[in-house]
Amino acid sequence: MRNRTKFEKAIQTPGRFFMNLIYRFPAISKKIDDKEYLKFIYFFCFWKKLNLENPETFSEKLQWLKLYDRRDIYTKIVDKYLVKDYVENFIGLEYVIPTLGVWDRFEDIDFDALPNQFVLKCTHDSGGLVICKDKKELNIEMAKRKINKCLMRNFYYLGREWPYKNVIPRIIAEPFISDKNGELKDYKFFCFSGTPRMLFIASDREIDTRFDFFDANFKHLPFTNGHANSEKSLEYPQQFEMMKRLAAILSKNFPQIRVDFYNVDGKIYFGELTLFHFSGFVPYEPNFWDIEIGKWVELPQNRGLEGNGND
């Protein structure tokens, strides 16, 4: 599988540029209708019009679902704190990473009460993560700036992922976990109406992130999405069949969803539920796979209410 050329990377720049601009200055997009916003960003990511009347690709169907599949439960399952109760009810507490604390403000965190190693994250955002491996080395002021910046953002305005719009911004702390090699591998299962069909594994995150996709039998799939494939062979995961069974349980009520697990030396922990992988704005290479994956999504017959950002 070849890597993208410089030209191919460059033509994706406009879509990323507009999304980054809106992420930094969300006020400029708040009055734009959801459908028009998605059409605009989609065009500059794929260089073609978004087909909402007869969506075929996975990327197009994700945009359709943003507009027309709006169930209240979605707000709960994207909340990094509330989703834990949801997961416990379906597969059990033993798969849930414990919560060390939850706060509305950074100033309320009692760092003396936290263990030496922990992780801080925001409940409503993506990227608001502070990893502490040694409290003596933690730069609290830097952590405060990062967390407070995330608390002020509404992730909904970036990709119009409706479930994030009404998530209460909070901070949670969790234990820092890693395997015997000091790594934390996660396995991200793409599920369709309760059936895990493929997954990807992210590797070399601290060096040059690579994504490798596999089918449900752990056969490597010949495409890229967002990152090049790894140059090394990835081992068959421990507890792979168990992770598939758990993913099937958690995904059975959704037309499509990504179920993420951490696997720490064979011990499975739930990671998160993701309704819109990459917000549906990152191309698949070759595009054939965007079409093939799209075939796995059966869109709901009844459309939910379409929002305009002010509902």
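This is a predicted model: local features need pLDDT of at least 70, side-chain atom pairs count only at pLDDT 80 or more; totals for chains, interfaces and linings use all residues.
Q: Is K219 buried or exposed?
A: Anything over 50% relative accessible area is called exposed. K219 comes in at 58% relative accessibility, so the label is exposed.

Q: Which residues does K219 touch, leaving out those up to four places away in sequence?
A: Sequence neighbours up to four places away don't count here. M198 is 21 residues from K219 along the chain, and their C-alpha atoms are separated by 9.2 Å. The residues K219 touches are F213 and F214.

Q: What is the bridge partner of L199 in β7?
A: β6 runs over residues 195–203, and seven of its nine residues are buried. β6 pairs with β7 in the antiparallel sense over six bridges. In that pairing, the β7 partner of L199 is F214.

Q: Which residue in the hairpin of β5 and β6 takes a positive phi?
A: β5 (residues 186–192) and β6 run antiparallel and are joined by six bridges, with Y187 partnered by I201 in β6. The hairpin has two residues between the strands. With phi near 50°, the one to look at is S193.

Q: Are α6 and α9 roughly parallel or roughly perpendicular to each other?
A: Helix α6 (residues 83–91) packs on helix α9 (residues 240–251) with axes 10 Å apart and an angle of about 115°. Angles of 65 to 115 degrees count as roughly perpendicular. The two helices are therefore roughly perpendicular.

Q: How many residues of the contact of α6 with α9 are nonpolar?
A: The crossing of these helices is right-handed. α6 brings Y86, V87, F90 and I91, while α9 brings L246, I249 and L250. No polar and no charged residues turn up in the contact, and the nonpolar count is seven.

Q: Which peptide bond is cis, with omega near 5°?
A: Most peptide bonds are trans. The proline to check is P286, in the loop between β11 (284–285) and α10 (288–294). The cis bond is the one from E285 to P286.

How values were computed. Residues are numbered from 1 along each chain as its sequence is written. Side-chain values use heavy atoms; hydrogens and water are left out. Buried means under 20% relative accessible area, exposed over 50%, partly exposed in between (1.4 Å probe, protein chains only). Contact means heavy atoms within 4.5 Å. Axes are lines fitted to C-alpha atoms, for helices over the stretch in contact, and angles run from 0 to 180 degrees between N-to-C directions. Helices (H or I, at least four residues) and strands (E, at least two) are DSSP runs, numbered from the N terminus. Angles under 35 degrees count as roughly parallel, over 145 as roughly antiparallel, 65 to 115 as roughly perpendicular and the rest as oblique. A crossing is left-handed if the near helix is turned anticlockwise from the far one by less than a right angle, and right-handed if clockwise. Ala, Val, Leu, Ile, Met, Phe, Trp, Tyr, Cys and Pro count as nonpolar, Asp, Glu, Lys and Arg as charged, and the others, Gly among them, as polar. Two strands pair if DSSP finds at least two bridges between them.
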